[in-house]
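Subject: Handing over the structure

Dear colleague,

I am passing on the structure that we talked about, and below it you will find what came out when I went through it. Please keep it open beside this email while you read.

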Amino acid sequence: MKKTKQEIEVNTLNYTALSWCMSNGYKIYPKPMPSCKGRGECNEYKIIIERAGKKRIGEKVYSYIECQNKIWEIYDKLYSKQKDKTH
């Protein structure tokens, strides 16, 4: 059985959510673990959510692709949360 390549999952809603989050001061990005020496040799990341100068660092460690997918998921959750409040 052929092994499939992991891919970053992006759709149109992601870009709408990203735009809303950035306009509202959110920054979400990966932080390599201290043992990493560059992306080529690193596959362990935590996620940082930053807003208004406050940073929250996630506890879970992700691979690069998992991390990118989780970041998109967080943007979507934040956007959906505010959308639910306005409707």
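Before the order of the elements is given, one definition is needed: helices, of at least four residues, and strands, of at least two, are DSSP runs, numbered from the N terminus. Please keep in mind as well that this is a predicted model.

With those terms in hand, the chain can be read along its sequence as the pattern α-β-β-β-α, and it holds 2 helices and 3 strands. It has 87 residues, of which 31% count as buried, while its accessible surface comes to about 6800 Å², with 51% of that belonging to carbon and sulfur atoms. If you take the contacts between residues at least 6 apart in sequence, 46% of them join residues that are at least 24 apart.

Turning to the strands, E1 (residues 27-32) and E2 (residues 45-51) run antiparallel and are joined by 6 bridges, and within this pairing lysine 27 stands opposite glutamate 50 in E2. Strand E2 also pairs with E3 (residues 54-57), again in the antiparallel sense, over 4 bridges, and here isoleucine 49 has arginine 56 in E3 as its bridge partner. The hairpin of E2 and E3 has 2 residues between the strands, and in this hairpin alanine 52 takes a positive phi near 55 degrees.

Is asparagine 14 buried or exposed? Its relative accessible area is 2%, and because buried means under 20%, asparagine 14 counts as buried. Which residues does asparagine 14 touch, if those up to four places away in sequence are not counted? They are Glu9, Trp72 and Asp76.

a colleague

Technical notes:
Residues are numbered from 1 along each chain as its sequence is written. This is a predicted model: local features need pLDDT of at least 70, side-chain atom pairs count only at pLDDT 80 or more; totals for chains, interfaces and linings use all residues. Side-chain values use heavy atoms; hydrogens and water are left out. Buried means under 20% relative accessible area, exposed over 50%, partly exposed in between (1.4 Å probe, protein chains only). Contact means heavy atoms within 4.5 Å. Accessible areas come from the Shrake-Rupley method with a 1.4 Å probe; for residues, only the protein chains shown count as cover. Two strands pair if DSSP finds at least two bridges between them.
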